[in-house]
Amino acid sequence: MTPHIQRNGGLGVSVNRGNGLASLEQLPGYVLRPFHGREDHNAMAAVRLGCAERDRIDARSVVEGLPTAAEIAEASAKLDDPSENQALVEHNGGVVGYSTIRRWQERDGTWLYLHRGYLLPEHRGQGIGSAMLNWAEGRIRQLVQQHGTAQTAVLGANAMASQQDATALLLDSGYRSVFSLVELELADLRQLPDGKPLSAGIRVGAVDPSSYRAAWKTVVDSYAEAAFTERWTFESFLATADPTCWRAAWDREDMAGVALCSIRRQDATLGEVEELSVRKESRRLGLGRALLLDGLRCLREHGAETARLYTGTANPYRSYDLYEGVGFRRQNEHVRYRKPISV
């Protein structure tokens with residue numbers, strides 16, 4: 001709830017040592033090189049900061065904000081092969097951009113190979129972004145061949161609606177939007193509306209360890225008909241469990257819905273509603289609102305002053321009405337693009 005290229009034949013992009021790294025022969029002073037490790041993290045964070053004004057990046061975003069060098073290091077460590085699946089652009093010895101590649105399998109069996117590129121604004125418009133995209137696509141083709149996933153693999157890329165340069169590059173390169181997420185913010189947790197009575201037999205309370213699997217299953221089942229969703233194992237759920245402000249609703253003995261809320265590790269004043277899921281048979285009973293408000297009150301009690309969440313723009317359950325009714329307001333739109341892979 002996580003990533004530009006050749007369009008210009010005049011770039012002279014060449015494959016180097018079989019790893020897909022490219023040179024920028026007709027752009028003096030520019031080099032596309034491999035990721036070197038920990039020494040690159042500060043420079044990568046500086047690139048993200050340098051893109052913020054042009055791309056109107058929201059530093060407090062829970063989808064994609066402004067990561068620190070430590071956060072970039074943490075994300076890099078989770079890649080299959082950081083040295084092969086990241087590349088940096090240097091200009092006269094200084095890092096001015098970088099690209100990363102990651103992959104995962106979606107519920108329908110599709111393997112999504114997602115690439116994400118960042119380039120300082122003053123270096124855009126010269127074909128460098130296209131060279132980065134060309135490197136990423138070439139590297140992904142190699143990975144698809146290695147993994148044997150050609151029948152189920154697609155290229156993917158992300159761009160916020162405010163990132164006009166990246167959006168134009170992707171569209172010009174044959175990518176098409178497949179879905180988008182809208183991020184919303186509740187600016188003041190002191191201004192929560194009152195709750196409403198629930199039907200007899202329904203109660204809302206904390207989630208203890210004995211209910212973890214039921215909570216995970218509730219979330220997974222609620223996405224059963226959703227397209228483009230990543231497979232989420234119980235082990236992955238446990239690995240990131242932070243249950244302090246988790247809330248569940250029970251209809252007598254059965255768990256009917258959950259709100260998984262947490263304090264952002266990077267900012268103790270910011271709370272996040274990571275998941276709000278209600279089982280299909282229990283919708284339209286007020287459970288979503290009750291769970292959301294209980295989770296938000298818990299976040300407030302633990303020091304959060306504001307809260308964020310994101311939801312799909314194609315959500316058929318009118319979740320916007322619920323969120324806006326509680327006081328959330330739209331911040332930005334995050335778009336996923338796809339393109340077929342030709343191997």
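A crossing of two helices is right-handed if the near helix is turned clockwise from the far one by less than a right angle, and left-handed if anticlockwise. The legends below apply to a predicted model.

**View 1. Helices α1 and α2 form a right-handed crossing.** Helix α1 covers residues 41–55 and helix α2 residues 69–77. Their axes are 8 Å apart, at an angle of about 110 degrees. Angles of 65 to 115 degrees count as roughly perpendicular, and α1 and α2 are therefore roughly perpendicular to each other. On the α1 side, the contact is made by His41, Asn42, Met44, Ala45 and Arg48. On the α2 side, Ala69, Ile72, Ala73 and Ser76 take part. By class, this contact has five nonpolar, three polar and one charged residues.

**View 2. Twelve strands form an open sheet.** The strand order is β1-β2-β3-β4-β5-β12-β6-β11-β10-β9-β8-β7, and the pairing is mixed. Strands β1 (30–34) and β7 (202–206) stand at the edges. Each has a single partner strand, so one side of each lacks a neighbour in the sheet. On average, neighbouring strands are turned by 25 degrees against each other, direction ignored.

**View 3. Strands β2, β3 and β4 are joined through two hairpins.** Strand β2 (residues 86–91) runs antiparallel to β3, with six bridges between them. Gln86 stands opposite Thr100 in β3. The hairpin of β2 and β3 has two residues between the strands. Asn92 in this hairpin takes a positive phi near 50 degrees. Strand β3 (residues 94–105) also runs antiparallel to β4 (residues 111–119), here with nine bridges. Gly97 stands opposite Leu119 in β4. Thr100 has Arg116 as its bridge partner in β4. Five residues lie between the strands in the hairpin of β3 and β4, where Gly109 takes a positive phi near 95 degrees.

**View 4. Helix α4 packs on the sheet.** This helix, residues 164–172, touches β4, β5 (153–160), β6 (176–186) and β12 (329–340). Its direction makes about 155 degrees with that of β5. Thr167 lies in α4. The cut-off for buried is under 20% relative accessible area, so Thr167, at 16%, counts as buried. Leaving aside neighbours within four places in sequence, Thr167 is in contact with Ala159, Met160 and Tyr337.

**View 5. Helix α8 lies across four strands: β6, β10, β11 and β12.** The helix spans residues 319–326. Strand β10 covers 270–278 and β11 covers 306–312. Helix α8 runs at about 170 degrees to β11.

**View 6. Helix α5 has buried residues from Tyr212 to Ser222.** The helix covers residues 212–222. Its buried residues are Tyr212, Ala215, Trp216, Thr218, Val219, Val220 and Ser222. An α-helix has 3.6 residues a turn, so residues three or four places apart point the same way. Among the elements covering the buried residues of α5 are α6 (234–239), β8 (245–251), β9 (254–263) and β10.

**View 7. Gly138 lies in helix α3.** Helix α3 covers residues 128–147. Is Gly138 buried or partly exposed? At 23% relative accessibility, Gly138 counts as partly exposed. Gly138 and Asp55 are 83 residues apart along the chain. Their C-alpha atoms are separated by 26 Å.

Methods: Residues numbered from 1 in each chain as written. Predicted model: local features only at pLDDT ≥ 70, side-chain atom pairs only at ≥ 80, totals over all residues. Heavy atoms only, no water. Pairing = 2+ DSSP bridges. Axes fitted to C-alpha atoms, helices over the stretch in contact; angles between N-to-C directions. Contact = heavy atoms within 4.5 Å. Buried < 20%, exposed > 50% of the residue type's maximum accessible area, 1.4 Å probe, protein only. Parallel < 35°, antiparallel > 145°, perpendicular 65-115°, else oblique. Nonpolar A, V, L, I, M, F, W, Y, C, P; charged D, E, K, R; others polar.
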